[in-house]
Amino acid sequence: MTLTGNSPKILVTGGAGFIGSHTVVSLVNAGFEPVIVDDFSNSERSVLDGLRAILGRDVTCYPVNCNDAAAMADIFKKETPVGVIHFAAHKAVGESVAKPLKYYRNNLDSLLLLLELMPQYNIRNFVFSSSCTVYGQPEHLPVTEETPRLPAQSPYGNTKSIGEDIIRDAVHAQIPVKALALRYFNPIGAHPSAQIGELPLGVPANLVPFITQTAAGIRASLTVYGDDYNTPDGTCVRDYIDVIDLADAHVQALKKLIESQENSSYDVINIGTGRGETVLNVIKTFEQETGVKVNYTIGPRRAGDVEQVYGDVSKANRVLGWTAHRSLAESLRDAWQWQKKLSSQG
Ligand code: WQD
């Protein structure tokens, strides 16, 4: 997809990250011109090469921390985007427990700054990266957007919950911004080209990159954190959403906001498949799809894990006209192709 000079610009903070980079591709495919802001504290510049390989063109990228007020104002002034998709945040659940102030400072200051700057530059459309972690361990499943948020399981999760409150209160005070908070479930997969994907720094905390690294021989074995839960096979249940579907949801959300004639608005939307999968079924599906065995052992439960969470995604379909299309098997196949690409690069 080539861009014309007058394609509407969208600022993508954290645009070199896992979900951000895939959203950059979806934005270009939808006729937008993404402008990345990323300080590369949790991503690599090679992502820009992957984007060039997919898109056949460079994407503008500012190596800037979006807490830098002067730099952000300059970018707004120069690029005059019509909207912002805000991914940039620290997101390691375990680290957030060890370093809460780092998470509150980074994740909340950047949000506050964007909400203060956007009206100054007449930027009206804002999509916020939130998380199903705000639901904690829900009493009823699937969770809808009306399910009460529970005390967050971690400072990371709390920054998402507080972030939603900040946006809601700012819109209630009539700042001229239309905002949607997308509550992701568990993002997995990679671009089918294997040019971009998940880049866990260090030992992966999340299940799927740990599976692919175990299958690739980088990790000796995967530990399944508990098989004594009240679930079909005793292992935890999650809603694994493909990163391509998730990226497309952001484009649909942006289009919805741009079309809206409201002066200011705020809403939250679950972005998931609506299906719950157990850990053991993810492993089995990976093995069936790739033909590669995964060494695993059953270990103790991991502190903070909720037993089951998966989403009711009817609102996303109703409001955004969006639904997930990609299967768990496709996501795992693409994650494996990406892992093999990474492994071949050493
Ligand atoms: C999934 C399941 C583990 C690793 C977190 C955040 C969420 C989002 C995604 C950022 C659980 C089990 C995992 C392993 C395992 N983060 N598991 N062995 O904890 O559901 O969600 O990451 O956006 O906001 O809360 O994801 O992939 O860590 O775990 O058995 O080596 O896999 O116990 O049941 P989680 P996860």
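Q: How many disulfides does the count come to, and what makes a pair of cysteines count as one?
A: In this predicted model the count comes to zero disulfides, since a disulfide is a pair of cysteine sulfur atoms within 2.5 Å. For Cys132, the nearest cysteine sulfur is that of Cys236, 12 Å away, and Cys132 is in no disulfide. The result for Cys236 is that its nearest cysteine sulfur, that of Cys132, is 12 Å away, and Cys236 is in no disulfide either.

Q: Is Cys132 buried or exposed, and why?
A: Buried means under 20% relative accessible area, and Cys132, at 8% relative accessibility, therefore counts as buried. Cys236 has a relative accessible area of 6%, so this cysteine is buried by that rule.

Q: What makes Ala194 buried or exposed?
A: The relative accessible area of Ala194 is 10%, which is under 20%, so Ala194 is buried. Ala194 is found in the loop between β7 (186–188) and α7, and it has a positive phi of about 60 degrees although it is not a glycine.

Q: How do you know whether the side chain of Thr273 makes a polar contact with the backbone nitrogen of Arg275?
A: The side chain of Thr273 reaches the backbone nitrogen of Arg275 at 2.9 Å, and because a polar contact is a pair of N or O atoms within 3.5 Å, this distance meets the cut-off. Thr273 sits in the loop between β11 and β12 (277–278), and with a relative accessible area of 14% Thr273 is buried.

Q: What places Leu254 in the class of buried or exposed residues?
A: Leu254, found in helix α8, has 0% relative accessibility and so counts as buried, the limit being under 20%. The C-alpha atoms of Leu254 and His86 are separated by 12 Å, although these residues are 168 apart along the chain.

Q: Which residues of the largest nonpolar core touch the most other members, and what makes a set of residues a core?
A: A nonpolar core joins buried residues of the nonpolar kinds through side-chain atoms within 4.5 Å, and of the 37 residues in the largest one, Leu27, Leu51, Leu182 and Ile271 touch the most other members. The elements that each supply at least two residues of this core include β1 (9–13), α1 (18–29) and β11 (265–271), while the largest share, eight residues, comes from α8.

Q: Which element gives the most to the shell around the ligand?
A: That element is β8, with four residues; by class, the shell has eleven nonpolar, five polar and three charged residues.

Note on methods: Residues are numbered from 1 along each chain as its sequence is written. This is a predicted model: local features need pLDDT of at least 70, side-chain atom pairs count only at pLDDT 80 or more; totals for chains, interfaces and linings use all residues. Side-chain values use heavy atoms; hydrogens and water are left out. Ala, Val, Leu, Ile, Met, Phe, Trp, Tyr, Cys and Pro count as nonpolar, Asp, Glu, Lys and Arg as charged, and the others, Gly among them, as polar. Buried means under 20% relative accessible area, exposed over 50%, partly exposed in between (1.4 Å probe, protein chains only). A polar contact is a pair of N or O atoms within 3.5 Å; within protein, one must be able to donate a hydrogen and the other to accept it, and residues adjacent in sequence count only if both atoms are side-chain atoms.
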